[in-house]
Amino acid sequence: MEQRHFLGTRLRHLLDQLDGDVARVYTDLGLPGFRPRYTPVIRIIATHGPRSIRDLAGTIGVTHSAISQTVNQMHRDGLVELHPGDDARHRIVHLTHHARTILPTLDAEWHATTAAARQLDAELPHPLGDLVDAALEALGERPMRDRILDHLDHPAPPPHEP
């Protein structure tokens with residue numbers, strides 16, 4: 001079986017390579033343990049002020065659960081503080097002094113990473129960001145599950161438990 005058939009595995013491998021190398025750059029810059037997924041949160045709050053978890057999720061384009069987990073880890077790492085919102089169900093995310101002190105380093109890394117991504121895009125037949133956007137849009141129109149079921153001749157019955 002050709003390797004290209006394992007799309008999910010290859011996509012995870014690509015993401016692991018990208019995130020792993022960015023994380024190593026953070027370590028090189030004196031920020032060991034800093035995770036690439038923290039940067040969008042910090043940049044949004046630094047630019048637009050404190051935000052609710054719901055606002056962050058919508059702006060970044062991830063689920064509420066995903067951003068909530070990220071923010072909780074950032075809180076444990078001393079990068080954000082959580083304050084109650086107008087409604088007890090909402091938490092407002094604020095940057096800590098520590099997060100504000102590392103902003104110049106994060107900005108330099110962001111610009112370098114953006115330049116490196118443009119360079120990678122120039123080496124590819126199609127820009128990676130454009131392909132990701134197109135894939136997300138297509139899956140938003142018609143989920144992968146529906147596509148798979150269209151090609152599944154006879155679904156196998158679930159295995160019987162003893």
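Guide: What follows covers some helix contacts and then a pocket.

Guide: This is a predicted model, where local features need pLDDT of at least 70, side-chain atom pairs count only at pLDDT 80 or more, and totals for chains, interfaces and linings use all residues. Residues are numbered from 1 along each chain as its sequence is written, and side-chain values use heavy atoms, with hydrogens and water left out.

Visitor: At what angle do α2 and α3 pack?

Guide: About 110°, with axes 11 Å apart; α2 is residues 38-48 and α3 is residues 53-60. Helices here are DSSP runs of H or I with at least four residues, numbered from the N terminus. Axes are lines fitted to C-alpha atoms over the stretch in contact, and angles run from 0 to 180 degrees between N-to-C directions.

Visitor: Parallel or perpendicular, roughly?

Guide: α2 and α3 are roughly perpendicular, a label for angles of 65 to 115 degrees.

Visitor: Which residues make the contact?

Guide: Pro 40, Val 41, Ile 44 and Ile 45 of α2 meet Leu 56, Thr 59 and Ile 60 of α3, where contact means heavy atoms within 4.5 Å. Six of the residues in this contact are nonpolar, one is polar and none is charged. Nonpolar covers Ala, Val, Leu, Ile, Met, Phe, Trp, Tyr, Cys and Pro; charged covers Asp, Glu, Lys and Arg; the others, Gly among them, are polar.

Visitor: And how far apart are the axes of α3 and α4?

Guide: The axes of α3 and α4 are 9 Å apart, at an angle of about 115°. That makes this pair roughly perpendicular. On the α3 side the contact has Ile 53, Arg 54, Leu 56, Ala 57 and Ile 60, and on the α4 side His 64, Ile 67, Ser 68 and Val 71. By class, that is six nonpolar, two polar and one charged.

Visitor: What about α2 with α4?

Guide: α2 and α4 pack at about 85°, with their axes 10 Å apart, so α2 is roughly perpendicular to α4. Tyr 38, Val 41 and Ile 42 of α2 meet Ile 67, Thr 70, Gln 73 and Met 74 of α4.

Visitor: New topic. How much space lies in the largest pocket?

Guide: About 2100 Å³, counted as the space filled by probe spheres set on grid points joined across faces, edges and corners. A pocket is an open set of points on a 1 Å grid over the protein atoms alone, where a 1.4 Å probe fits, with protein on both sides within 12 Å along at least five of seven lines; lining residues have an atom within 4 Å of a point.

Conventions
Helix = DSSP H or I, 4+ residues; strand = E, 2+ residues; numbered from the N terminus. Parallel < 35°, antiparallel > 145°, perpendicular 65-115°, else oblique.
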